[in-house]
Amino acid sequence: MTRSLKSWPSWVLLVLVVGGLLAVGAARDSGPRSPKERVEDISRRLACPICDGESVFESRNADSQAIRIEIARQVGSGAVSDDQIINFIEQRFGSRVLLVPRATGIDALVWALPVAALVCAVVGLGVAFRRWKAAADTIPDDADRELVAAAIAGDAEAAEGS
Amino acid sequence: MSEPVVTETLVSGRSGRRLAPFISLGVAIVLAALFVVLASGEAEKPDVTSSFLLGRPAPAVISTTLDEQRFDLSRRKGSWVVLNFFQSTCLPCKAEHPELVEFAAQQAGIADGAELYTVIKDDPDDAVAKWFAENGGGWPIVKDDDGAIATAFGVAKVPETWIVDPSGVVVVRHATTITADSLAVELQQLRQAYG
């Protein structure tokens, strides 16, 4: 059995552990939130429609304040999810108010491209490491040994001559 | 004696040449995808006239006017309604105001003339009242103290002008200044299309 075959269980284990941790992280539920916490969470995911670089949560202008009031009203109704409230605001002010890109449609490329780049990089590094290892593992044959012996002998003669 | 190394180099050189086109193709695809994402991104269009609300029932608007009259947009069904979002410190709003005065006068002379309402956008009531007293405009001015009306319509920058048809459906949004004539012509075309 080759070394690469022997080591595959550790790779599978590593993939399982990383995948499991990612799944737990993505599905992590920090418990029930109060309405105030929901309003804050939602307003952090929305950009102020008239200012640059500020979320609705941070911004003190009247538009952001009005959006926070609308979010609080919808949260208070208890009938809609966070995503539905964000969708409501997005429909009225446009997708420019989304601070977190959607995971559907062409916007999903924003999420997919870095993952694709990471996979390409890991595969590329793997290929490169295998090549370097193959080169380093070259076993010297008799000819190599003769060459080394001749070189050593030549060095010894040169040392004696001097 | 160095033959094996030479062979290895030749082999890896050949496989590298075989891989190079695929790697280049992969990089090109990723760059093309990035270009598509950036090119198809929503550009900033300050005078955009599209809205999710177009063709849909107008949001519920219940408020009071500056003269403390109740205003309920749903009660205006049966009439063409023009809503103009206004702020007295906004220069384009001030420049547009004479056009609205003219438009209101035009509509007053028509049997089924549109009802014009100003919606105050983030501005003290007395400042707006003072502006109207000095510059004319006898139509109702609707308060929007908590910004609920502006949020319901998705109005961030003023002036904006919206038209709601007699069945209560939003049919036009102008996120820029309008003129009396262009608005009157547009309204007439809408009336004819509405039947």
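**Stop 1**

Start by selecting B:Asp122, which counts as partly exposed because 18 C-beta neighbours sit inside 10 Å. Keep in mind as you look around that this is a predicted model. You'll find B:Asp122 in the loop between strand E4 (115-120) and helix H3 (125-135) of chain B. Check its backbone: phi is positive, about 50°, although B:Asp122 is not a glycine.

Now jump to B:Glu68, in the loop between strand E1 (62-64) and strand E2 (70-72) of chain B. B:Glu68 also isn't a glycine, yet has a positive phi of about 60°. Is B:Glu68 buried or exposed? B:Glu68 counts as exposed, because it has 7 C-beta neighbours inside 10 Å.

**Stop 2: a cis bond**

Select B:Val158 and B:Pro159 and look at the peptide bond from one to the other: it is cis, with omega near 0°. B:Pro159 belongs to the loop between H4 and strand E6 (160-164) of chain B.

**Stop 3: chain B as a whole**

Zoom out and colour chain B by secondary structure. Follow the chain along its sequence and the pattern reads α-β-β-β-α-β-α-β-α-β-β-α. Of the 195 residues in chain B, 28% are buried. Take the contacts in chain B with a separation of 6 or more: 73% of them are between residues 24 or more positions apart.

**Stop 4: the largest nonpolar core**

Nonpolar side chains tend to be buried together in soluble globular proteins. Here, the largest nonpolar core has 51 residues, and A:Leu46, B:Val81 and B:Val119 touch the most other members. Strand E3 (residues 81-86) of chain B gives the most to this core, with 5 residues.

Centre on B:Val81. Which residues does B:Val81 contact, leaving aside neighbours within four places in sequence? They are B:Leu73, B:Arg76, B:Ala114, B:Glu115, B:Tyr117 and B:Val164.

**Stop 5: where the chains meet**

Show both chains. The contact takes 28 residues from chain A and 23 residues from chain B. On the chain B side, helix H1 (3-39) and helix H4 (148-153) are the elements that give two or more residues. H1(B) gives the most, with 9 residues. Sort that side of chain B by class and you get 12 nonpolar, 6 polar and 5 charged residues.

**Stop 6**

Move to chain A and select helix H5 (residues 82-93). Its 12 residues should span 16 Å at 1.5 Å a residue, and the end C-alpha atoms are 17 Å apart, which agrees. Highlight A:Ile85, A:Ile86, A:Ile89, A:Arg92 and A:Phe93, the buried residues of H5(A). Look down the axis of H5(A): these buried residues fall within an arc of 130°, so they line one face of the helix. An α-helix has 3.6 residues a turn, so residues three or four places apart point the same way.

What covers the buried residues of H5(A)? The cover includes helix H3 (35-44) and helix H4 (62-77) of chain A, together with H4 of chain B. On the other side of H5(A), A:Asp83 and A:Gln84 are exposed.

Select A:Trp11, in helix H2 (residues 8-27) of chain A. A:Trp11 is exposed, because it has 10 other C-beta atoms within 10 Å. Finally, colour chain A by its assigned domains, domain 1 (30-100) and domain 2 (110-161). Their C-alpha centres lie 57 Å apart.

Definitions and conventions:
Residues numbered from 1 in each chain as written. Chains lettered and ligands numbered in written order. Predicted model: local features only at pLDDT ≥ 70, side-chain atom pairs only at ≥ 80, totals over all residues. Contact = placed C-beta atoms within 7 Å. Helix = DSSP H or I, 4+ residues; strand = E, 2+ residues; numbered from the N terminus. Nonpolar A, V, L, I, M, F, W, Y, C, P; charged D, E, K, R; others polar. Domains from an automatic or database assignment. Expected span 1.5 Å × (residues − 1). Buried ≥ 20, exposed ≤ 12 C-beta atoms within 10 Å, placed from the backbone. Arc of directions from axis to C-beta. Core = buried A, V, L, I, M, F, W, Y, C linked by C-beta atoms within 7 Å.
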